[in-house]
Amino acid sequence: MKLVKPVAADRLSELLRQMPKAELHIHIEGSLEPELIFALAQRNAVALPYASVEELRSAYAFTNLQSFLDIYYAGASVLITEQDFHDMAMAYFARAAEDNVVHTELFFDPQTHTARGVSMETVINGLHRACVDAQAEFGVSALLIMCFLRHLSEKEAFETLEQALPYRDKIIGIGLDSGEVGNPPEKFARVFARCRELGFHLVAHAGEEGPPAYVWTALDVLKVERIDHGVQSSKDAALMQRLAQDRIALTVCPLSNLKLCVFPDLASHNLRQLLDAGLAATVNSDDPAYFGGYINENFTQTFAAGELTSQHAYMLASNSFEASFLEDAEKRRHSDRLSAFLEAF
Ligand SMILES: [Zn+2]
């Protein structure tokens with residue numbers, strides 16, 4: 001592995017902010033800031049159960065994943081037209097570009113919208129147009145990963161897949177999100193097998209609040225290429241070995257873990273432990289509007305709380321390109337740019 005020159009603690013946060021990086025775990029509906037929720041509610045004449053931006057923001061005190069999901073679904077209710085989906089994604093891309101994100105893979109939850117009568121076509125066309133515009137406007141490349149909501153049934157996931165197939169060329173992969181505990185990966189074994197046959201890349205949330213057993217079945221039953229979160233894996237030595245050996249990337253989201261009480265504080269977070277064990281961990285923002293920070297905040301706060309170095313910064317950014325679903329030539333181009341940046345810093 002490439003060795004990076006040490007950087008003094010007072011310059012490390014600058015390095016983290018400036019380094020080129022990929023974001024691989026961002027739910028686009030979770031980038032909806034309260035201001036945009038109110039603006040879209042007004043545009044579409046949707047009544048919100050909150051009187052003001054401030055009241056909505058103050059409701060963002062979560063105790064676990066479910067308490068967050070309740071507000072998250074209320075926020076998404078303002079998204080009606082293709083333009084709404086486009087504008088939401090463009091607001092995220094502008095913010096990501098400021099953080100020197102050069103490539104991103106967006107999760108979207110079509111079932112949250114189709115259940116409200118918004119068509120699959122509206123959702124995907126709005127998001128896809130934003131992905132095209134992000135390249136032209138911000139120089140950020142973007143791919144879409146469609147997620148199934150795991151609290152719903154596998155039958156509903158199959159129906160969602162069917163509705164999405166006409167837009168197959170606009171979707172790079174399939175994911176699994178929403179309430180984890182009690183909804184193990186194997187509940188979706190058949191629909192993931194079908195997605196695999198269809199040639200989609202596969203990822204799944206596992207080991208966020210759920211046990212290491214869920215990470216095992218995400219790997220062995222669903223056959224995913226990346227694990228989203230996966231922080232509970234450190235409780236299982238054999239699993240850690242497997243993840244390291246197969247270079248399975250974990251898309252870790254430290255501020256999300258903090259807000260949802262997965263770890264009591266960032267000093268107790270196991271990001272360094274995962275990296276030092278040879279796992280391909282990455283840093284991501286998950287639902288940045290709700291969890292108190294975009295990707296650079298995740299980097300700088302985690303590094304400030306733990307004993308992480310410029311070497312770890314390099315590993316995290318390098319892993320983010322390696323674990324992406326870009327073509328190999330693109331991955332190499334980004335990795336070379338990262339190396340050049342670190343040498344010049
Ligand atoms: Zn997530």
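Me: Which helix holds glutamine 111?
Reply: The model is a predicted one. Glutamine 111 sits in a helix spanning residues 110-114. That helix is α6.

Me: Is glutamine 111 buried or exposed?
Reply: The relative accessible area of glutamine 111 is 5%. Buried means under 20%. Glutamine 111 is therefore buried.

Me: Which residue has its backbone nitrogen 2.8 Å from a polar atom of the side chain of glutamine 111?
Reply: Beyond four places in sequence, glutamine 111 is in contact with several residues, including Cys147, Phe148 and Leu149. A polar contact needs N or O atoms within 3.5 Å. The backbone nitrogen at 2.8 Å belongs to leucine 149.

Me: Which protein residues are donors of the zinc ion?
Reply: The donor atoms lie 2.1 to 2.2 Å from the zinc ion. Along the chain their spacing reads H-x1-H-x177-H-x80-D.

Me: Why is the arrangement around the zinc ion irregular?
Reply: Four donors count as tetrahedral if all angles lie between 85 and 135 degrees. Here the angles run from 82 to 173°, so the arrangement is irregular.

Me: How many residues apart in sequence are the parts tied together by histidine 25 and aspartate 286?
Reply: Histidine 25 lies in strand β1, residues 21-27. Aspartate 286 is in the loop between β8 and α14. The pair therefore ties together parts separated in sequence by 261 residues.

Me: What is the relative accessibility of histidine 25?
Reply: Aspartate 286 is buried, at 2%. Histidine 25 also counts as buried. Its relative accessibility is 0%.

Key:
Residues are numbered from 1 along each chain as its sequence is written. This is a predicted model: local features need pLDDT of at least 70, side-chain atom pairs count only at pLDDT 80 or more; totals for chains, interfaces and linings use all residues. Side-chain values use heavy atoms; hydrogens and water are left out. Donors are N, O and S atoms within 2.8 Å of the metal (3.2 Å for Na, K and Ca); water is not among the atoms, so sites may look incomplete. Four donors count as tetrahedral if all angles lie between 85 and 135 degrees; four count as square planar and six as octahedral if opposite donors are over 155 degrees apart and all others between 65 and 115; anything else is irregular. Helices (H or I, at least four residues) and strands (E, at least two) are DSSP runs, numbered from the N terminus. Buried means under 20% relative accessible area, exposed over 50%, partly exposed in between (1.4 Å probe, protein chains only). A polar contact is a pair of N or O atoms within 3.5 Å; within protein, one must be able to donate a hydrogen and the other to accept it, and residues adjacent in sequence count only if both atoms are side-chain atoms. Contact means heavy atoms within 4.5 Å.
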